[in-house]
2 protein chains.
Amino acid sequence: MTDAENFVDELVVDFEPLGRRARVAPGATLLEAARQAGVGLNAICGGAGTCATCRVRVVAGEVTPPTEAERDVVAEGLRLACRTRVLSDVRVDVPPASITAPQRAQIEGRELPVELDPAVRTFDVAADPPSLTDLRADATRLREALQEQHAVDVSRCDHGALCQLPALLRESGWRVRLVVRDGEVIAVAPVGTSPLGLAVDIGTTKVAAYLVDLESGETLAASGRMNPQIAYGEDVMARIDYAMDGEAQARELQQAVVAGLDELTRELCEQAGRATAEVVEAVLVGNTCMHHLVLGLPVEQLGLAPYVPALAYSYDLKAQELGLSLAPGASVHLLPNIAGFVGADHVAMVLATGIHDTEDITVGLDIGTNTEISLAVDGRLLSCSCASGPAFEGAHIHDGMRAAPGAIEWVRLVDEADSGAPRVEYQTIDGAPPVGICGSGVLDGVAELRRVGILRENGAMQPGSHPRVRGTGSETEFLLVPAGEQDALRDVVINRRDVNEIQLAKGAIRAGIDVLLEEAGLEEEQIDRVVVAGAFGTYLDVDSALAVGMFPQLPRDRFVQVGNAAGMGAKLVLMSRRCRAIAREIARRVEYVELTTHPHFVEVYTAALMLP
Amino acid sequence: MTDAENFVDELVVDFEPLGRRARVAPGATLLEAARQAGVGLNAICGGAGTCATCRVRVVAGEVTPPTEAERDVVAEGLRLACRTRVLSDVRVDVPPASITAPQRAQIEGRELPVELDPAVRTFDVAADPPSLTDLRADATRLREALQEQHAVDVSRCDHGALCQLPALLRESGWRVRLVVRDGEVIAVAPVGTSPLGLAVDIGTTKVAAYLVDLESGETLAASGRMNPQIAYGEDVMARIDYAMDGEAQARELQQAVVAGLDELTRELCEQAGRATAEVVEAVLVGNTCMHHLVLGLPVEQLGLAPYVPALAYSYDLKAQELGLSLAPGASVHLLPNIAGFVGADHVAMVLATGIHDTEDITVGLDIGTNTEISLAVDGRLLSCSCASGPAFEGAHIHDGMRAAPGAIEWVRLVDEADSGAPRVEYQTIDGAPPVGICGSGVLDGVAELRRVGILRENGAMQPGSHPRVRGTGSETEFLLVPAGEQDALRDVVINRRDVNEIQLAKGAIRAGIDVLLEEAGLEEEQIDRVVVAGAFGTYLDVDSALAVGMFPQLPRDRFVQVGNAAGMGAKLVLMSRRCRAIAREIARRVEYVELTTHPHFVEVYTAALMLP
């Protein structure tokens with residue numbers, strides 16, 4: 001050690017769970033570090049300490065003490081990145097809600113600690129080379145060495161692994177690592193190679209994948225991308241229609257998602273400096289339709305009452321059968337589905353959030369085009385699905401768009417001190433010039449318009465209630481951004497029909513919650529906890545959701561947003577056979593409640609359409 | 001019934017195991033019936049009752065009593081087809097040796113009766129259709145129905161079968177037939193469809209296949225064809241060399257044989273009026289190299305000492321993994337190999353001939369380019385392999401050819417009453433003009449040349465010993481057919497080098513037998529039975545083989561020729577799980593004797609080269 005090394009020029013800041021790293025001078029703010037690391041932290045106020053959107057959790061290391069501006073966030077165990085300066089190497093946890101949309105590839109989620117116990121196990125084996133007095137076949141030789149050296153019996157060697165066996169044995173001097181799964185040797189690798197696992201959440205819109213080292217349990221890489229099936233229809237019904245056009249079309253859908261998974265796997269393996277052929281197990285979750293489409297199962301019956309799946313129980317098959325390019329003997333595990341519209345992704349979400357195992361009365365929601373809801377009470381698990389529609393993804397909205405740069409993702413109407421009309425504040429993704437509005441922006445907008453009295457309870461927009469309200473009747477609209485402001489190329493508005501779309505969407509979710517409560521004989525005040533997960537659920541503003549009546553009016557601290565819980569559930573199942581068994585148990589226990597035929601649904605739904 | 005039907009105009013003659021039928025007038029000979037049915041019975045004398053080559057067994061029905069010419073064959077339970085006239089409908093069994101070569105597609109073999117107990121079982125199941133109060137998934141519904149209606153538990157439904165399930169259930173009104181194998185539903189079919197099985201013997205030269213109804217045990221069709229890999233090399237070593245050229249070449253070999261199997265399956269299914277998608281299980285046997293090539297396993301190590309297989313134990317995989325076009329969930333079973341040059345086909349042969357289970361001291365041989373030999377004594381099974389070479393298939397012989405029309409398949413030197421030089425008699429396949437000589441013809445020729453003293457013990461041809469002997473030294477040759485005789489386009493000869501090839505081939509076989517006897521501490525007279533099977537073994541003349549010293553000098557009645565015993569073994573294993581277990585037990589029990597490194601082999605081999 002030289003003297004020079006006692007002077008610290010550079011500190012390391014690690015951002016998790018994104019896995020990004022910055023090297024900064026002592027005294028730099030976490031926001032500066034985040035920018036350097038390419039972590040897109042929210043910062044509406046530009047780092048002035050006033051908007052409180054750059055919240056992070058300091059997990060390890062030394063930083064400057066909290067400032068007055070951070071009083072509220074410190075109470076939540078958080079800090080404002082723009083107010084916090086690093087004094088040593090630091091590890092920072094970035095909550096999903098603090099990240100701007102393009103980086104919110106729906107791959108973040110709260111990780112539960114889990115004891116590593118994957119379905120595959122590895123054993124290093126040294127075999128005697130064959131000789132004239134020992135003519136045992138390669139497979140027999142290895143099987144017997146495995147028995148002698150590890151007391152492990154296998155009944156089979158996978159065909160793909162078998163094909164690689166003779167060359168690898170001879171190249172390695174008869175010392176190899178065997179990957180064993182369920183009594184079968186599924187892969188053979190050089191000694192020292194840790195087996196990889198892949199956990200994937202196949203959403204209707206997005207696919208999130210995690211590459212896990214199955215020996216250390218470490219997540220080596222995570223990434224998300226669009227589901228390539230999007231080209232064949234935005235929602236589940238459009239895909240079912242397409243698949244029903246013929247066998248070729250159904251095959252096309254299957255191959256599209258498999259090609260997407262292959263690309264994602266290549267990308268993750270490149271990031272981790274590993275080979276796709278080292279991935280020996282994949283766990284897939286998705287809604288029932290995505291589950292069926294990736295398996296190449298018919299989906300026709302999912303589109304027709306009574307909407308029964310072809311397959312509900314958990315399923316294992318070879319990656320090769322799906323056409324996935326992993327290790328030749330790799331297997332794929334699919335979690336069980338519950339019903340036609342409550343799929344394996346919801347099971348994974350319940351597992352990851354621990355809803356099935358809580359004493360609290362808990363509502364868990366996975367909000368998307370289709371929203372799955374579970375209610376846990378006294379050991380019971382009631383689940384339903386409601387068609388919340390694509391409004392939260394920016395579809396069917398006048399100026400709606402996906403969460404992409406230039407989308408307005410945050411809206412506030414700020415009361416002016418001089419008692420003029422409330423001023424419009426907003427944030428676009430990446431701070432780009434406004435081009436449209438994404439789901440969370442529309443929800444915020446509707447909540448704010450209602451809060452300041454521009455919208456009536458029934459959603460009607462009151463002419464003259466604000467200078468930005470223009471038009472009449474069903475043509476009434478609110479001007480969010482006039483063309484030219486912040487370089488906007490055109491006006492961005494929220495109109496009467498947009499409000500209506502949000503009412504239908506949030507009403508469906510609320511009605512689902514209410515019907516489950518009714519089935520369980522509960523009042524809404526009895527709910528201890530509401531766990532919000534999924535694509536949109538992660539990034540919505542809970543206050544806005546409460547303001548429009550999407551959720552029961554409960555204290556804010558009963559709500560928790562957990563990120564991509566389905567993906568986290570897939571990872572748990574990848575890493576733990578115990579979790580795999582629990583997932584099966586969850587699916588078995590769930591009491592499915594069909595909303596469309598529920599006697600009170602229409603009544604409950606109608607009431608839920610109102611804005612409080 | 002009308003009066004006219006009391007008068008029989010036509011009798012039906014069924015030829016087995018070929019499955020051919022003739023309709024003839026009462027009093028027609030069996031030879032006439034055979035010609036009408038297209039059964040190529042041998043008949044050197046043209047039906048004059050003198051050559052005794054048209055031997056058949058009358059299994060059922062009434063025929064004329066034996067004639068004086070049949071005295072010897074009747075003692076063996078046979079009749080001469082040319083001397084036997086039909087008096088009623090008749091069923092006739094045709095021994096392989098009585099059939100001319102082109103029909104000897106190596107698909108005939110002695111069938112052992114076996115209790116039908118295939119690996120697949122079928123169950124008819126009626127399920128309740130789904131309703132709003134019964135939303136079980138299709139797969140769950142069927143699994144539960146199977147449990148309720150047949151007390152059968154399955155843990156899995158094959159992916160291919162699962163893909164067909166939803167449509168078939170709905171088309172069939174929720175009544176289907178499930179094919180179950182080892183706790184897995186592997187196929188779903190309309191009620192009433194019997195599952196099919198395929199037994200295949202993949203020879204280096206020829207492939208023989210049998211289509212079996214797995215519900216009745218009936219063989220619906222049988223067929224043989226060349227192994228398409230022949231285009232890549234005639235023998236095992238040539239194929240190993242080709243496969244070692246690269247992965248693409250190895251894949252080419254695998255795909256060639258799979259394409260051939262697919263064609264054969266289509267042909268068999270067409271014959272039986274069934275669909276290839278109804279074949280739910282295939283059993284494959286072959287020598288170790290064919291076994292590895294069809295599985296796509298590396299063969300490099302089979303070509304290098306100590307010649308160990310990659311895989312020896314019995315193996316099950318999905319037909320899909322091999323690229324075979326059977327039922328989507330069909331499985332393939334491969335019998336165990338014993339060593340690099342004693343393969344699954346020999347295990348099947350031992351099984352089919354019952355050698356493993358006899359009190360007699362028995363030698364079983366499967367003669368081909370490579371000859372596998374087993375010796376059963378006191379519950380022991382000793383096996384070896386010897387490189388008998390391709391001479392018996394007509395290769396490396398001056399005028400050699402495969403057993404095809406125009407090949408001389410039978411040679412006799414007949415002593416003339418007037419004590420002139422023995423006269424040459426021969427038969428060509430199909431009676432076509434002679435164009436060459438096939439393996440059995442060369443063997444006959446050498447045996448006869450030795451018998452009449454033209455050849456010395458060491459194989460030298462004695463100039464001047466017969467008018468047909470011409471040339472000198474190593475160029476000496478015997479003129480079998482002069483150009484022009486019987487429309488022969490050119491001379492057909494047997495030369496000194498041909499004799500030498502036969503000496504090497506038969507010497508290898510004899511040395512193999514002798515080494516096994518030595519290992520077991522036996523004298524050759526103690527052998528109770530010699531079972532001869534395989535391509536060439538079925539059609540060789542045992543007397544000629546004895547004359548050249550290929551076999552120990554035992555009484556003729558200790559020899560039995562059993563046809564394609566490997567194919568029969570495959571069929572047994574297809575039809576019976578018990579036989580499958582026995583095959584595993586046989587492979588386990590065999591004591592493999594490596595000849596190339598045996599201390600006495602060279603000595604024994606040298607002695608075996610002599611002509612007695």
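Which residue forms a salt bridge with A:Glu281, and how far apart are the closest N and O atoms? The points below answer this and then turn to other features.

1. Basis of the note. This is a predicted model, in which local features need pLDDT of at least 70, side-chain atom pairs count only at pLDDT 80 or more, and totals for chains, interfaces and linings use all residues. Residues are numbered from 1 along each chain as its sequence is written, chains are lettered from A and ligands numbered from 1 in the order in which they are written, and side-chain values use heavy atoms, with hydrogens and water left out.

2. The pair in the opening question. A:Glu281 forms a salt bridge with A:Arg181, and their closest N and O atoms are 2.5 Å apart. A salt bridge here is a side-chain nitrogen of Lys or Arg within 4 Å of a carboxyl oxygen of Asp or Glu. A:Glu281 belongs to strand β13 (residues 279-286) of chain A and A:Arg181 to strand β8 (residues 175-181) of chain A, so the pair ties together parts that are 100 residues apart in sequence. Helices (H or I, at least four residues) and strands (E, at least two) are DSSP runs, numbered from the N terminus. A:Glu281 is buried, at 1% relative accessible area, and A:Arg181 is buried as well, at 11%. Buried means under 20% relative accessible area, exposed over 50%, and partly exposed in between (1.4 Å probe, protein chains only).

3. Other salt bridges. Over all chains, a search of the whole structure finds 69 salt bridges. In one of these, B:Glu524 pairs with B:Arg510, the closest N and O atoms being 2.9 Å apart. B:Glu524 lies in the loop between α11 (496-520) and β25 (529-533) of chain B, while B:Arg510 lies in helix α11 of chain B, so the pair ties together parts that are 14 residues apart in sequence. B:Arg510 counts as buried, at 13% relative accessibility. In chain A, salt bridges that share partners join A:Asp134, A:Arg136, A:Arg141 and A:Glu144 into one network.

4. A partly exposed pair. The side chains of B:Arg423 and B:Glu425 meet in a salt bridge of 3.0 Å, N to O. B:Arg423 is partly exposed at 37% relative accessibility, and B:Glu425 is partly exposed at 33%.

5. Helix packing. Helix α9 (residues 344-353) and helix α14 (residues 577-589), of chain A, pack at an angle of about 115 degrees with their axes 9 Å apart. Axes are lines fitted to C-alpha atoms, for helices over the stretch in contact, and angles run from 0 to 180 degrees between N-to-C directions. From α9(A), A:Val347, A:Val350 and A:Leu351 meet residues of α14(A), including A:Cys579, A:Ile582 and A:Ile586; contact means heavy atoms within 4.5 Å.

6. Backbone features. The peptide bond from A:Ala305 to A:Pro306 is cis, with omega near 0 degrees, and a cis peptide bond also joins B:Ala305 and B:Pro306, with omega about 5 degrees. A:Pro306 lies in the loop between α7 (288-295) and β14 (315-318) of chain A. In that loop lies A:Tyr307, a residue other than glycine whose phi is positive, near 55 degrees. A:Tyr307 is partly exposed, at 26% relative accessible area. B:Gln486, also not a glycine, has a positive phi of about 55 degrees and counts as exposed at 53% relative accessibility.
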